[in-house]
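Thanks for coming. I will go through one structure this morning, from the whole chain down to a few single residues.

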Amino acid sequence: MQKLGLKIITKNGTTVDGLIVHAVNQASADSKLHPMYPQCTIAGARLIDDLHCREGTDLEDATSLIVGQDAK
C-alpha cells in the first residue's frame with residue numbers, strides 16, 4: 001500500500017488539497033476517491049514517503065527538541 005497525496009477540483013469548482021488516500025496505485029486511489037467526490041478531477045498527485053512523515057515525531061526526537069530549547 002502507498003499513501004498518495006491528492007489535489008482535486010470538485011464538480012462545483014472548489015479546489016481541495018491535501019487529501020491522502022491509501023491505495024496500491026493511482027487507479028485504485030481514483031476508484032476510492034470518486035464515491036466521496038463524484039465528478040471530481042484530479043489536479044495533482046504525489047507519493048508520500050512514510051519515513052519523511054515520521055521524522056521527528058517519536059518521543060526521543062520531541063524530548064531532544066525540548067531539551068535543546070531549554071539550553072538556549
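Of the 72 residues of this protein, 17% count as buried, where buried means under 20% relative accessible area, exposed means over 50%, and partly exposed lies in between, with a 1.4 Å probe and protein chains only. Before going on: this is a predicted model, in which local features need pLDDT of at least 70 and side-chain atom pairs count only at pLDDT 80 or more, while totals for chains, interfaces and linings use all residues. Residues are numbered from 1 along each chain as its sequence is written, and side-chain values use heavy atoms, with hydrogens and water left out.

The accessible surface comes to about 5500 Å², and 54% of that belongs to carbon and sulfur atoms. Those areas come from the Shrake-Rupley method with a 1.4 Å probe, and for residues only the protein chains shown count as cover.

Now the fold. The protein has three helices and three strands. Helices (H or I, at least four residues) and strands (E, at least two) are DSSP runs, numbered from the N terminus. Along the sequence the pattern reads β-β-α-β-α-α. Among contacts in the protein with a separation of 6 or more, 45% are between residues 24 or more positions apart; contact here means heavy atoms within 4.5 Å.

Next, the sheet. The three strands form an open sheet in the order S2-S1-S3, with antiparallel pairing. S2 and S3 are at the edges with a single partner strand each, so one side of each has no neighbour in the sheet. From one strand to the next, the twist averages 25°. Helix H1 packs on this sheet and touches S1, S2 and S3, and its direction makes about 115° with that of S2. For these angles, axes are lines fitted to C-alpha atoms, for helices over the stretch in contact, and angles run from 0 to 180 degrees between N-to-C directions.

How many bridges join S1 to S2? There are eight, and the two strands run antiparallel. Two strands pair, by the rule used here, if DSSP finds at least two bridges between them. Leu4 stands opposite Val21 in S2, and the bridge partner of Gly5 in S2 is Ile20. S1 also pairs with S3, residues 41-48, in the antiparallel sense over seven bridges.

What about the inside? In soluble globular proteins, nonpolar side chains tend to be buried together. The largest nonpolar core here has nine residues: Leu4, Leu6, Ile8, Leu19, Val21, Ala23, Ala29, Leu33 and Cys40. Strand S1 (2-9), strand S2 (15-23) and helix H1 (26-33) are the elements that give two or more residues to this core. The term covers a set of buried Ala, Val, Leu, Ile, Met, Phe, Trp, Tyr and Cys residues joined through side-chain atoms within 4.5 Å. Take Ala29: leaving aside neighbours within four places in sequence, Ala29 is in contact with Leu4, Val21 and Ala23.

Ile48 lies in strand S3 and is buried, with a relative accessible area of 11%. The C-alpha atoms of Ile48 and Ile20 are 8.6 Å apart, although 28 residues separate the two along the chain.

Now the loops. The hairpin of S1 and S2 has five residues between the strands, and Gly13 there takes a positive phi near 95°. Is Gly13 buried, partly exposed or exposed? Gly13 counts as partly exposed, at 49% relative accessibility. Gly13 and Thr41 are 28 residues apart in sequence and 9.5 Å apart in space, C-alpha to C-alpha.

Thr10 is in the loop between S1 and S2 and counts as buried, at 17% relative accessibility. Leaving aside neighbours within four places in sequence, Thr10 is in contact with Val16, Tyr37 and Cys40.

One last residue. Most residues other than glycine have a negative phi, and most peptide bonds are trans. Gln39 has a positive phi of about 65° although it is not a glycine. Where is Gln39? Gln39 sits in the loop between H1 and S3, and at 64% relative accessibility it counts as exposed.

That is the end of the tour; I will take questions now.
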